[in-house]
Amino acid sequence: MKIHQFEVLVVGAGGAGLMAGLYASKTAKTAVISKLYPTRSHTGTAQGGIGAALGNIEEDHPEWHTYDTVKGSDYLGDQDAIEFMCFEAVEAIYELEHMGLPFDRTPDGKISQRPFGGHTNNITGKPVRRACHAADRTGHMILQTLYQQCIKNNVTFFDEYQVIDLLLVNGAAAGVVAVELATGEMHVFHAKAIIFATGGHGRIWEITSNAYAYTGDGIAIAIRRGIPAEDMEFFQFHPTGIYKMGILITEGVRGEGGILINGKGERFMEKYAPTVKDLASRDVISRAIYLEIREGRGINGQNYMYLDVRPETVNKYAVIDGRKRPDGSPLVVTGEQILAKLPDIVDFCRVYLGVDPITQPMPIQPTAHYTMGGIPTNKYGEVVIDEKNTALPGMYAAGECACVSVHGANRLGTNSLLDLVVFGKHAGLRAAKFAKGASFQSLPADPTGFARAQLEQYLKADGKENAFDIGVEMKKEMFDNMGVFRIEEGMKHALEKVRELKERHKHVRVQDAGKIFNIELINAWELGNLLDLAEVTTVSAIARTESRGGHSREDYPKRDDKKWLKHTLAWMRDDGTIDLKYKPVVITKFQPKERVY
Amino acid sequence: MQVTIRIFRYNPEKDKKPRYATYKVEAEPTDRVLDILEKVKGYQDGTLSFRRSCAHGICGSDAMRINGFNRLACKTLARDTGTRITVEPILGLRVLKDLIVDMEPFFENYRSVKPWFINDEPEPAQERFQSQEDRERFDDTTKCILCACCTTSCPSFWANDQYVGPAAIVAAHRFIFDSRDRAAAERLKILNDVFGVYRCHTIFNCTLACPREIQITKAIGEVKAAIATGSLK
């Protein structure tokens, strides 16, 4: 066992972790620990853009961005935090540009912006160009740029270290326990302040856009140490994943004029969102796709739709919608222009589907995409652990693993990248400031005990069960019964199944008993995280008897503000039971009203 | 289809020397080699170790030699490999276990070219302006995902691992030709070295290996030309 001491520890090296590391290390002795090389983080797969009301192409205001985000959240987002994020956004984008991020440019050399779902001109209700982009690899550019800045500023990294446990002493953060993958050795990182930036857990579902690494480690570790998980029933299904594979096809495709088409050749979104149509928010479109499929209007009667960005289709609907270029001339695109704006999408379709999106429509289906819930924090990134928002001293969270909540019941596209840049930065600043005025908590007598016990379980169990099978069964069950549409009996079935799988998981024994890169052992532990979070998600969902944003119930199809305009907090008790409590939503300027696109 | 996959295996805790193990796996033609490796690990041999994350060619974790060519396992489909697949670690970096190699020397080379934006002029209140043409100038090299497919396919790198390698030159190119950056001369000086760009003998392995289809040899050529002429045109 090795012991390290840092003032600030960041766990996770995606966008939020790197931003936190960059800012914390300016004033405090900081380390960033990551189970992946930082550039492998899931931020890199974000495609379409990062939202900010720069107004580079047309009129836009942070106030509009704020309102759109509140509305997108189905009024479950905390409005103080949303306003903070949307007003910080403009500065954050300029800062990224000053760090060298290669945004695409307008003809006059400014950062280029494209329309995205749910982002509107608040006067006309029409889509507004707010998503700042770098082709369809905006996340890649953000991740690379932030990593480059971290190297430039000599940020200390521990790459390929898997964090297993969080140490809390005297009700405050004291450190984390991690396994060095290359050696299997346990390391204790003793710290004054800890920032979790560990990402989401979309690997719970069968069809997912999420990386293998997205196993909800940070949230699972936190709930095992008594920190609640907030709003876990709200998980986003992105409407356009590659059929059967789930690989993300950015909303930017529709921002560039792509249209969703059903099996009858109809542009079905006009029925569901008459004003913004294919640029409605993600929950709305995913539901529309399911409803169309249910009515037998999938392509060839199958469970998928077409996303069509062929120039002839884009140009046809641009005329119908009256879409114009910024200079007022009609929007006419060519195949080359589409390829230039969406090169990776074209590449994915060619490689995985053998389909060329310039000449053929893309088969798509909704895919598990984004964790709206997570570790509860306030707008400074401080982890808050009860209904009264009591802060846990020294503990911070940012990015997808955190629930501020700026996304509420449904996240708008481009707001995740914004979230991690803004809250990663502020968590880093706050943590460093806290560390300057705090002393180290003493470490517990056996700091690695709980972590060791968790891992040793998989070396000692009877081996009656296979982890791979358990994972497959969990993903299928959760996709079938905890997906876009939910109903009580289905969710109860899912809960029973997840609990059965948790029991079976106790019998998993790994074949690999070695120390060096024992990936099998880590995977078995990650599966345990997914199972715990699947259970918390399902329990939270069964309790919420309404439909709101990404949580859509057939037995309770309406939003119920009287009963449910509140955040769920779920605690996993030591005996395995899950307790639910609730806390109010922060409402400042925007009273809830019906949500129509 | 049934696939026979032959995999390079080496566990330093057990094996005196590397070996190959062969597995038979049921696969769909659209399965990725990564899916096949996952099935082997899940059902036949849990000790098989490899890196992976995003599974669609963006994170750069799963570079390996597939039927003799450097590829990402997640971007190579069974219908293209055929029913007999050989998978080995990328060459030129020390094997730590099975398909996992020591990436540190690779990242060290990357860091050596100062792959970060340098411009110490006062920052404007808004963005720095850049024309679409200036932005386009370095677009290709911004695609790099640091998977190491290029560097570990390069015979010059195999011959001498002090060669900075194509990936590092690509990283340098991305900044050298960025009109906003001010440190081109510094980077060109670093690459104007016996282990810099001149180790590139235009073999084009890197270009063929790149899963992002970056025109690497061309980029290296542009860096060589910039050193030779002192001009960034």
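Biologist: In E5(A), which residue is the bridge partner of A:Ile50?

Modeller: Strands of a sheet pair through backbone hydrogen bonds, either parallel or antiparallel. Here A:Ile50 has A:Cys132 in E5(A) as its bridge partner. This is a predicted model: local features need pLDDT of at least 70, side-chain atom pairs count only at pLDDT 80 or more, and totals for chains, interfaces and linings use all residues. Residues are numbered from 1 along each chain as its sequence is written, while chains are lettered from A and ligands numbered from 1 in the order in which they are written.

Biologist: How many bridges join E3(A) to strand E5 of chain A?

Modeller: Two, and the strands run antiparallel. Strands pair if DSSP finds at least two bridges between them. Strands (E, at least two residues) and helices (H or I, at least four) are DSSP runs, numbered from the N terminus.

Biologist: In what order do the three strands of the open sheet in chain A lie?

Modeller: The order is E3-E5-E4, with antiparallel pairing. Strand E3 (50-51) and strand E4 (113-120) of chain A are the edges, each pairing on one side only.

Biologist: How many residues of H12(A) are buried?

Modeller: A residue is buried if 20 or more other C-beta atoms lie within 10 Å of its own, exposed if 12 or fewer, and partly exposed in between; C-beta atoms are placed from the backbone. In H12(A), 19 of the 22 residues are buried, so the helix is largely enclosed by the rest of the structure.

Biologist: Which residues touch the most other members of the largest nonpolar core?

Modeller: A nonpolar core is a set of buried Ala, Val, Leu, Ile, Met, Phe, Trp, Tyr and Cys residues joined through C-beta atoms within 7 Å. The largest has 266 residues, and those touching the most other members include A:Leu9 and A:Ile194. Helix H16 (residues 519-543) of chain A gives this core its largest share, 13 residues.

Biologist: How many residues of chain A are in contact with chain B?

Modeller: Contact needs C-beta atoms, placed from the backbone, within 7 Å. Here 42 residues of chain A meet 41 residues of chain B. H4(A) supplies the largest share of chain A's side, six residues.

Note on methods:
Two residues are in contact if their C-beta atoms, placed from the backbone, lie within 7 Å.
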